[in-house]
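User: I am new to reading structures. Please take one part of this model and look at it closely.

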Amino acid sequence: MAPADDAVIRVRGLVKRFGDVHAVDGIDVAVSEGGFFGFLGPNGAGKTTAISMLTGLARPDAGSIEIGSIDCSRNPKAAQHLIGVVPDESNLYPELTGFENLCFSGALYGLRKKVRQRKAEELLDLFGLEGAAERKFSGYSKGMKRRLVIAASIMHEPPLLFLDEPTSGIDVESSRMIRSLLAALNRNGTTIFLTTHFIDEAERLCDRIAFIVNGKIVRDDRLERLLQPVQGRYALTVTVSGGCVVPYTDLQQAFPGLVFHETAENELRIESSKPLKAGLLVRFLEDRCVEVVEARKRQLSLEDVFVEVTGIGSSSMTGGVKEGRGRR
Ligand SMILES: Nc1ncnc2c1ncn2[C@@H]1O[C@H](COP(=O)(O)OP(=O)(O)O)[C@@H](O)[C@H]1O
Ligand SMILES: [Mg+2]
């Protein structure tokens, strides 16, 4: 995929090794101004290592990073005023209150006292933390901590925001709030670079996604282009007890428009380009003494594309958006 011409983040040939481990193995990335870019990959893929280099927290072994028109390869901290950073672990002070932490972050970015106090109050409200403003950060729940870390990262209203797995390991309610706030920030013009191992989160939020596996980008494209091959296709997963004793040739003959796969011993996966009628198939199997335990119908999604491209089963990428489907 050719790099975007209006890129505000441009990375070429980025490499980071830890001994024999090629944590990031020559990646190229271009993120458009106003874009919502997602780095999607399993644990250990190199997401944190990559984002650490982009945000000036780690030095690359090779490659170049440009943020805005600033070449960060020579001076990794040169673009700090343009970016907000949400690391995978909290970077705030446990002994300070929520309000004090935000004011402190504002001070680091040179905001005047009045401005940072007003901004801190505004963000505590926005992130649903107004009731916890005077409580110490150490007493916050994981979800509240993550919300405050994100609030702190945007105290100086940066045009670019980097987030490393912002909804990992926190409660559903906080995750939902964070996703919706990120979508709103992006709609208001903030360029976002997010890493995640939740496929549905990437599909819901990002307009461009790179799949990263073993330090390499294996696919990088706009969401609508990634979804093209699965658009309008449906899958039915049928779980049976004691295995499916009906030969595939019989199934294929009875349902000529469908494609059958056996995904596990007791599981059949059926694909179709038309909405599937599960009842017909279930009856066909039951008439042949196959006990159907469950039949689940769904439209194909980014998950299917990810599995197809990377060969990584979606079970190692579990979690994420639990609400109904639909963007944002
Ligand atoms: N400081 C480090 N020392 C040694 N190996 C590391 C270090 N940080 C990361 N790695 C290794 O680099 C690879 C990528 O890790 P990481 O960037 O944390 O992946 P992700 O964030 O996608 O889970 C992994 O194999 C990990 O074990
Ligand atoms: Mg990580």
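Analyst: Let us take helix 5. The buried residues of helix 5 pack against strand 3, helix 4, strand 8 and helix 6 (199-205). This is a predicted model: local features need pLDDT of at least 70, side-chain atom pairs count only at pLDDT 80 or more, and totals for chains, interfaces and linings use all residues. Residues are numbered from 1 along each chain as its sequence is written, while chains are lettered from A and ligands numbered from 1 in the order in which they are written.

Some terms come next. Helices (H or I, at least four residues) and strands (E, at least two) are DSSP runs, numbered from the N terminus. Contact means that two C-beta atoms, placed from the backbone, lie within 7 Å. A residue is buried if 20 or more other C-beta atoms lie within 10 Å of its own, exposed if 12 or fewer, and partly exposed in between.

Which residues of helix 5 are buried? They are Ser174, Ser175, Met177, Ile178, Arg179, Leu182 and Asn186.

Now check the length. Helix 5 covers residues 172-187, which is 16 residues. The expected span is 1.5 Å times one less than the number of residues. So helix 5 should span 22 Å, and its end C-alpha atoms are 23 Å apart, which agrees. Just after helix 5, glycine 189 takes a positive phi of about 115 degrees.
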